[in-house]
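Hi,

Here is the structure I said I would pass on. Have a look at it first, and my notes on what turned up follow below.

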Amino acid sequence: MVYDVAAVRAHFPALREGAAHFDGPGGAQVPDVVADAVRETMISAVSNRGSVTASERRAEEIVRTARRTMAEFLNAGSIVFGRSMTQLTYDFARTLSKNWRPGDEIIVTRIDHDANIRPWVQAAEAARATVRWASFDRTTGELPVESVTKLLSDRTRVVAITAASNLLGTRPNVAEIARAAHEMAAFVYVDGVHYTPHVPVDVEALDADFFVCSPYKFLGPHLGVLASAPELLETLRPDKLLPSSNAVPERFELGTLPYELLAGTTAAVEFMRSLEGLEEYELGLREKMETGLKELGVRVYSKAVSRTPTVLFSVDGLDPAEVYRRLGAEGVNAPAGHFYALECSRWLGLGDKGAVRAGIGPYTDESDVDRLLQAVAKLR
């Protein structure tokens, strides 16, 4: 089946402004159906969840539908909603660390976003646990399985790892790492924020104990999602208000849920499901973009064999922020920085300035890629 990008683009009012958007890894543009779902919820009668009034029942149905839709989309058991992936990870790091003791070990990687590093590092410091760092190959951008598994021991409590680097696009072999971690009875916490927009997700196949993602990266509203088995969530006791529900997953959700954002999330998932052939289409555009950048003599850092349609690059002699500014002046949105993958940027030798990141999304077309390459050519 041919991917009809023109039909997809017609659903994105933001594209009428004329920019070529390569900034999707930081937050995707939103299709009309998602905006409509948010608006419809906000102008409908909605109350706190319940079963007595119509407005209560509407709220209850919105939540139940969003949970079911996300669980099916991720092939996961139970869904917890939060303000963001960062907030959820901090909450779960605090909850899990209640059982840590001095000498316990936590594994983090240098390829991860800081939201899957700092919460674990800080929780470990508070519990006097040891943090062990897994490093990736600077030349290839790969995170070898053994770079993580060699750090495992019977004191390992959590392995925090990304399913796809938001800076390089690298996709580590999470399932193999998870199997080794589980042999040591460690939990595996997977950051799927940059993975979910580009790859069909199967949390069970990844063997992740916890999988987190952000709907606003896959065409939805700003929200955080955590997936886990209900049996595992039942064993955890987060800090919560005394009168709030102790049921799973509600015990992990602080305050009233944003019903309009949940409705938007359901709409985003349904839209993503309709995009047949997306992964192949995006990878084809990535190849075109990478080939063009290399022909222009641009330094490309994204080299892993398995990776998302995301390219990190720099132009010799130009500060990344200057490249970003000059591309923006050409109507090409490809921002520069470390994008909160600070450890990754530093490990690459890019310091805190990072480099330019160009990400392909469902609405990217060949003309966008051509515009990027033409704009970069003007920098030489």
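Before the helix packing, a word on how the angles work: axes are lines fitted to C-alpha atoms, for helices over the stretch in contact, and angles run from 0 to 180 degrees between N-to-C directions. Also keep in mind that this is a predicted model.

With that in hand, take helix 11 (residues 278-295) and helix 14 (residues 366-377). They pack at an angle of about 20 degrees, and their axes are 10 Å apart. Angles under 35 degrees count as roughly parallel, so helix 11 is roughly parallel to helix 14. The crossing of helix 11 past helix 14 is right-handed. Who makes the contact? On the helix 11 side you'll find Tyr 281, Leu 285, Lys 288, Met 289, Gly 292 and Leu 293, and helix 14 brings Glu 366, Val 369, Asp 370, Leu 372, Leu 373 and Val 376. Sorted by class, this contact of helix 11 with helix 14 holds eight nonpolar residues, one polar and three charged.

Helix 4 (residues 85-96) packs with helix 5 (residues 118-127) at about 25 degrees, with the axes 9 Å apart. That angle makes helix 4 roughly parallel to helix 5, and helix 4 passes helix 5 in a right-handed crossing. Helix 4 puts Thr 89, Tyr 90, Phe 92, Ala 93 and Leu 96 into the contact, while helix 5 supplies Arg 118, Pro 119, Trp 120, Gln 122 and Ala 123.

Four strands form an open sheet in the order 9-10-13-12, with antiparallel pairing. Strand 9 (299-300) and strand 12 (336-337) are at the edges with a single partner strand each, so one side of each has no neighbour in the sheet. Strand 9 pairs with strand 10 (residues 310-314) in the antiparallel sense over two bridges, and Val 300 sits opposite Phe 313 of strand 10. Helix 11 comes back here: it packs on the sheet and touches strand 9, strand 10 and strand 13 (355-359), its direction making about 10 degrees with that of strand 10.

- The peptide bond from Val 248 to Pro 249 is cis, with omega near 10 degrees. Pro 249 is in the loop between helix 9 (230-233) and helix 10 (259-273).
- Glu 250 lies in that loop between helix 9 and helix 10 as well. Leaving out residues up to four places away in sequence, Glu 250 touches Arg 49, Arg 67 and Ser 245.
- Leu 219 is not a glycine, yet it has a positive phi of about 80 degrees. You'll find Leu 219 in the loop between strand 7 (210-213) and strand 8 (224-228).

Last, the annotation. UniProt, in an unreviewed entry, lists residues 22-372 as "domain: Aminotransferase class V". Over residues 22-372 the chain is 38% helix and 15% strand, and the end C-alpha atoms are 9 Å apart.

Cheers

Terms used:
Residues numbered from 1 in each chain as written. Predicted model: local features only at pLDDT ≥ 70, side-chain atom pairs only at ≥ 80, totals over all residues. Heavy atoms only, no water. UniProt positions renumbered as here; feature names shortened; annotations may be inferred. Pairing = 2+ DSSP bridges. Contact = heavy atoms within 4.5 Å. Parallel < 35°, antiparallel > 145°, perpendicular 65-115°, else oblique. Left-handed = near helix turned anticlockwise from the far one by under 90°. Nonpolar A, V, L, I, M, F, W, Y, C, P; charged D, E, K, R; others polar.
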